[in-house]
Structure formats: structure tokens, C-alpha cells
Amino acid sequence: MVASEWKYLNQHKMSLVVLVAIALIPAIYCFIYLSSMWNTYGKMDRLPVAIVNHDQSMTYHGNRIDIGSSLTNKLTKADTLDFHHVSSKRAAEQLRKGKFYMVLTIPKNFSSRATTITEVTPQRMNLHFTFNSGQNFIASKMTTGAATAIKAKVSAQVTRLYSTIILRALGNADKGMKRAAVGSQAMYQGTQKLVNGERHLGGGMQSLNSGISQLSAGSGNLVVANQTMAAGFSKVMASTPTAGIQRLGSANAKVGNGLIEIQRHVPALQTGADKLANGSIALASGTDKILKETKIMSASLDQGAKKLQVIHTKAVNAAAIANPVHEVTKDISKVPNNGTGMAPFAIAIGLYVGAIALGTMYEGFLPHRKPKYALTWWASKASVVGAVGFLQTILLFYSLTQGNQLAIDHSGTFFLVLLLGSFLFLSLIFCLRLLLGGFGTWLVSIVLVLQLAASGGLYPTYLTDSFAQSLNEWLPMTYLINALRSLISTHQGITVDLVVMISLIVGFNFAMILRFQLGLHQSVIEIDSEIA
């Protein structure tokens, strides 16, 4: 038995080729599928996102602050994401269409609010991130992580700005303090000069007092001598000339002595007066210097105090420094959970697998009676296949809406898309089997692998390899996924997708009718000839 089986395969080379091809399916599946998404996170620089900059630059303490332009330039040159600097209108339009996966908007007051950290009421700095998670749920998670990284980067930049402001204020205050210290030292020196001037003034006053006392004593002696001389003159006039002359000479000698005494004390008086003058000058100089340096010290301290006034140390300031930038997120097609986000891809796979099962279990070519027309032959098979497709659509619809609680706005359109998806894959699979036989059955599996890898159901095509990207528009599942995604989350137009799917269904069935037409001229095996 074993030998006969292998002998048959050896005689029928095509059957052997089919078996080898089937053995290749796991390897082909893994290679194509894994290659398409082998390093998706390493290709995030291909994921298109938009940046809209409304920020207005400003000047603060002599420095030009333009965080918006700086951030825009850095992001457009970075290799984290594929940033495009566009207008807000174009960004919103492309985000809705799925051409952008995130929009970063920098508000016009972003730079101005960066300078309020040291004020009494710091203003919150907001970065606005808008997502479209309905377009691709996994991509939205990627861009959300990127948004967090951008926010952290901007926060670090703003914190550096705050640190610069604070350090500059402290530096300016330090200069004022140093000037105040210099003024204080100069004031001390002026005070020393003032003390020395007071000492000189005191010494001059003592010398002057001593000179005045001595001058007073000499003046008293002079008065006495004058009185004596006057008395002598009187007596000269009354007495003999000789005695009067002697008395007059004695008085004159006393006057001379008084004058000598006065002359002897005049230098001391002059010295005291000089000391008094010098002391007065030193006192005036010290007083002026003290007043001058006091003004300088007061101005320096006032300047330092003004510089320090820009620094507020309240709890809100500390919180602003710790977390200066806040994310404001918006999702234009909010996806409530992972199941909803993955539903279009899962539905498409389910319909294709169901079509494979029916194509394997149901004979789509051999009739139960000899057909007369190709159209009726096709209709006999299409009626069964179509009925099964309609039944599986009904079951799938209620399973999704009632079992999984999938929220759908337009249930009728959703059912129609499910039905078209079912007919599309059934037509594709039966067409391949009818036209290519066993090789067509093998191709059914290969087409499944290609659609899993390149239809964009799991990862955005921007993150897949070039081979998968080139196949995307040629795969039926691409259009079914797009239509389902629009109905479930993005709410975009599906006219193009419907036209493509209907055209493919018509094309596949037309090809099958041609195959049935050829079958009319061939020897056809009737499965049950007893059925009328």
C-alpha cells in the first residue's frame, strides 16, 4: 500500500508538486507575515504626523523666547516620527482621512506662558495632541507614547529656561550684594576718618582752649601793667621827675613782659586753630563719604531685592517647575477599547476563513445533473454559496452587535458591508479553485498570508516593508477593512471601497461563468444523476 501510494505520486508529478507547495505554506506564511512587521517600532520615522505652530515669540529680560519655532524645527529634523509642518486646516483634513496619525498643535501663548513660572500665578503651558485611533488602533498607541516623549522633552527645555531665569536673578542679586559690601567697607573707612577727624578736632579744641587761657593770663598781666603805668604817669605828674620816671620805667617793663608772654602763646593758639581746621575738614570728608556710600549700598540692595522679586516660592511655583508642560489630548474617532479597534481586521479574517471552509467542504464545480447553460450552472452553485454567505453574515452581525456589544451608528450599511465582504471572499476562493484547481486551493492560503501582511489591518502600511506597501492597493481585504473601519470609528466615505468590492465580486463571478461555459464542452462527472 505504501509503495503504491508513492508510485502514484511519482507518476503524477503535479500532485507531488502540490504536496510540496502545501508543505511550504507555514514557511511562506511566517516569512511574509513576520517580514512585513519585523521592526515596526524601528520604522516609526515613516509614520506621518502633523505639527501646527501658532506660537508667538516674545522678549523676556532681554532674551528672545520662541519655543514653538524651536520645537517645530527640532521635530521636523528628528527621526522619531515623520513630522510635517502644515496649517491647522490641512492637518485636520488629513487626520480625518487617515493620512496623518497625530496632530501636534502649539498654541500662540506657549512662549509667553513659559515666562510666568516665577510670577505669583504661573500659567499652564498646554500642548494639544489630536489622534485618530479609529484609523489604526496600534498606531494611536504608538503616537500616544511619542506624545508623552515630546511633552517630556519640552518640559526639560522649559525647566532649563526657568533655571536660567532664576540663576540670572540670583546672579544679579549677588552683584547688588557685592556692591553693597563694597559700599559698606567704604562706609567703614569713612567712619574711621570721621573718628580721626573728631580726635583731631578734640585735640585742636584742647590746644585752642589752652592758648586762650594763656592768652587771657597774659592779657591780665598786660592790664595790670597798663594800670601800673597809668598810675606811674599820674605820679610823674604829681611828684618829682626822678621818682616818676623810675615808676614809669618799672611799669613799662611789666608791659613788655606781658607782650612777650602774649607773643609766646600765640603759636600754641595758631596750632590749636590749625588742628581745629584739619579736624573740621576730615570730619566733613568722612561725612560726605559715608553719605555717598550709604546711597550706593542702598541702591545696590534695592537692585538686588528687585531682582529677587521675580522669584516666587509658593507651592504653585514649585509645581509649575516640576511639571511645566501639560498634554491636552483629543481623539476625533474615539475607540472605547482594544476590541473595537481591532474589529475591522478580525471581521475580515473571520469572513475569509469562513470562505476557505466553505470552499473546502462544498463542491463548487461538478453539477448534480448535466447543465445546458453556463449561467444556470453558475446560478445553481451561486445560490448555495450565496445562501451560506448570507447566513454567515446574519450570524456574524448579531454576534458582533449583541454578543460583543460593538457600537454601530448605521446598522443597515454595516450589514451590507459584511454581506459584500462575505460574497467577495467566497467569490475569490471559488474562482481560484475553479480556474486553477489544486494550485488555486494552494493560492487561497498564500492570498490569506499576503492580506494579513499587507492589508493594513494590524499596523499602518507606513510601518511595513516595501513589498507589503506595494501590495496594499491590490488586495481585496484592504477595501473591506477600510469600509468597516469607516463605519465603526472614522466615519469617512466608503463609496470607493464599495465600488471596488462590487467590481471584484462581479469580475470573479464573470470569470466563473466563463469557466462553466468551458465546462459545457467537457466531459462532466455528474455527482447524482438520479436528481431530475
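**Aromatic pairs and a helix crossing**

Reader: Are W377 and F516 buried or exposed?

Author: Both W377 and F516 are buried (under 20% relative accessible area with a 1.4 Å probe and protein chains only; exposed is over 50%, partly exposed in between). This is a predicted model, where local features need pLDDT of at least 70 and side-chain atom pairs 80 or more, while totals for chains, interfaces and linings use all residues. Residues are numbered from 1 along each chain as its sequence is written, and side-chain values use heavy atoms, without hydrogens and water.

Reader: How many aromatic pairs does the structure hold?

Author: Phe, Tyr and Trp rings (the six-membered one for Trp) pair with centres within 6.5 Å; planes under 30 degrees apart are stacked, over 60 edge-to-face, the rest tilted. The structure holds 11 such pairs. The W377 and F516 rings have centres 4.8 Å apart and planes at 40°, so this pair is tilted. W377 lies in helix α10 (residues 374–403) and F516 in α15 (residues 495–519), so the pair ties together parts 139 residues apart in sequence. F397 and F414 also form a tilted pair, 6.0 Å centre to centre with 45° between the planes. F397 is in α10 and F414 in α11 (residues 411–436), 17 residues apart. F397 is buried at 11% relative accessible area, and F414 is buried at 0%.

Reader: Which residues form one aromatic cluster?

Author: F390, F397, Y398, F414 and F415 do.

Reader: What describes two packed helices?

Author: The angle and the distance between their axes. Here the axes of α9 (residues 338–361) and α10 come within 11 Å and cross at roughly 145°. Axes are lines fitted to C-alpha atoms over the stretch in contact, with angles from 0 to 180 degrees between N-to-C directions; helices are DSSP runs (H or I, at least four residues), numbered from the N terminus.

Definitions and conventions. Helix = DSSP H or I, 4+ residues; strand = E, 2+ residues; numbered from the N terminus.
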